[in-house]
Amino acid sequence: MKSSKNLIFFYLSSLFVLLLFSYLFYISTIYTINFWTFSQSHLNYSGGFVKRGLFGTISIFIENNFNVNTSKTFSYFFIFFYLITILLYLHIIKEYISNKILYVYLLLSPTLIMFSFNDLGGYQRFDVLSIFLILFHSLLVRNHRNNILNYKSYLKIFSYLIVPLIIISLFIHEIQAWTVPFHFLFAKIVVGENKNSQKILFPSFAICFLAILFIFFYPISENTIELMLEKISLVTEKDLWLDAVLVAAKTEGNLSVIKYELNTNLFNFYNFKINIFFIILSVLPFHFFIKYFNKNKIIVDKNLNTLKYMYLSILPLFLFLFPIGDTGRWINIISFISFAFFVQYPFENRVKDNFFPKVDIKTFPLILIVIICCFFIRLPHCCNLEAKEINIWGGLSKKFLVFYYMQDKKYKDSNYDIKDKYYDIKQRFKKAK
């Protein structure tokens with residue numbers, strides 16, 4: 001039983017996170033926060049098949065037939081999916097409310113749900129579809145382990161809901177392909193524990209695999225791209241970044257940036273050490289949680305392959321985050337996969353239901369680490385961090401500072417220099433048209 005104080009703490013802390021994102025949602029209805037993704041969201045099938053063309057085809061159809069601007073469709077699509085993903089995440093971590101240190105870490109960790117708030121370059125990314133499905137699948141498995149969902153129902157939901165949603169999201173953004181191993185290894189654990197043949201997963205896996213092959217290897221002609229760009233120019237006057245559109249539409253466009261991204265993310269020691277720091281932060285805590293809580297029988301890991309499957313699931317993302325770039329978004333997904341392998345197990349609370357954790361020589365360093373991690377560290381979403389003088393420091397503390405400067409009348413009335421533009425929404429983002 002959770003005490004009333006713990007429930008109040010849960011609702012207040014959840015409200016805190018929701019209020020932070022609500023402000024972000026509000027800003028996103030006025031300004032386009034991620035113009036790169038917005039430009040790519042206009043990819044469409046008007047000239048034939050192109051990668052990432054499903055969302056643009058639908059949004060342009062809505063604009064043409066219902067007079068709803070593509071910027072509105074774009075904005076509200078992400079508000080909806082980020083909101084349900086946050087609510088789902090909060091529902092999952094409610095399990096840990098009596099363990100305050102663990103709960104606060106999960107709530108505000110820079111590699112998990114707060115990533116897209118701490119670094120706005122991580123917001124309005126179609127990765128949210130992958131993250132939503134990771135969280136939804138982990139909740140299904142935990143409900144199955146809690147005897148809330150029987151095995152047959154789990155298989156039906158996996159086959160007839162999760163797999164179709166994976167395929168649909170693949171046609172919105174191909175990054176979903178790198179999370180497919182997670183879903184099937186996750187399902188493999190459940191099937192194995194129920195002593196069924198793994199062959200039962202083969203039809204679903206084959207369908208996903210064929211969809212991935214089609215998306216990555218379907219030949220896209222220059223004529224297809226030209227017709228698509230012509231269609232875009234007819235339906236929008238939004239000054240889109242056509243480079244972003246072309247890179248996404250052409251396979252060779254993506255391949256041409258690999259050398260640059262490797263030099264930036266792997267062979268630049270400054271960037272490399274930051275990437276490695278956050279990769280460790282996204283994986284090692286959950287490795288420790290699974291080992292420690294299973295040893296103390298707080299979770300019951302019947303499958304000794306759990307950690308092996310976790311590392312196999314994150315391996316594809318780890319291998320591609322360096323050559324493809326935008327490392328923050330890849331690390332964010334890695335962190336959610338690690339999180340999913342931990343939260344699939346019901347949590348047997350063995351901590352006294354006290355509102356505040358006991359502070360002693362053992363817990364104080366841990367509390368301090370959690371505070372620093374959650375309030376003073378942020379995961380950068382991408383790019384040449386050394387050139388932009390970006391390090392690991394930031395997070396919520398920096399956001400509160402930004403908010404103060406945004407509201408300060410004396411500051412707002414002063415003359416802006418280059419750094420001041422960081423605090424001016426009108427300078428940072430394009431107004432949605």
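User: At what angle do the axes of helix α3 (residues 53–66) and helix α4 (residues 70–93) cross?

Analyst: In this predicted model, local features need pLDDT of at least 70, side-chain atom pairs count only at pLDDT 80 or more, and totals for chains, interfaces and linings use all residues. Residues are numbered from 1 along each chain as its sequence is written, and side-chain values use heavy atoms, without hydrogens and water. Helices (DSSP runs of H or I, at least four residues) are numbered from the N terminus, and axes are lines fitted to C-alpha atoms over the stretch in contact, with angles from 0 to 180 degrees between N-to-C directions. The axes of α3 and α4 come within 8 Å and cross at roughly 125°.

User: Which residues of α3 and α4 make the contact?

Analyst: Contact means heavy atoms within 4.5 Å. From α3 come Phe55, Ser59, Ile60, Ile62 and Glu63, and from α4 Thr70, Thr73, Phe74 and Phe77.

User: How are α5 and α15 oriented to each other?

Analyst: Angles under 35 degrees count as roughly parallel, over 145 as roughly antiparallel, 65 to 115 as roughly perpendicular and the rest as oblique. Helix α5 (residues 100–108) and helix α15 (residues 269–295) pack at about 150°, their axes 13 Å apart. The two helices are therefore roughly antiparallel.

User: Which residues of α5 and α15 make their contact?

Analyst: α5 supplies Leu102, Tyr105 and Leu106. The residues from α15 are Leu281, Pro285, Phe286, Phe289 and Phe293.

User: What is the orientation of α3 and α4 to each other?

Analyst: Their axes cross at roughly 125°. α3 and α4 are therefore oblique.
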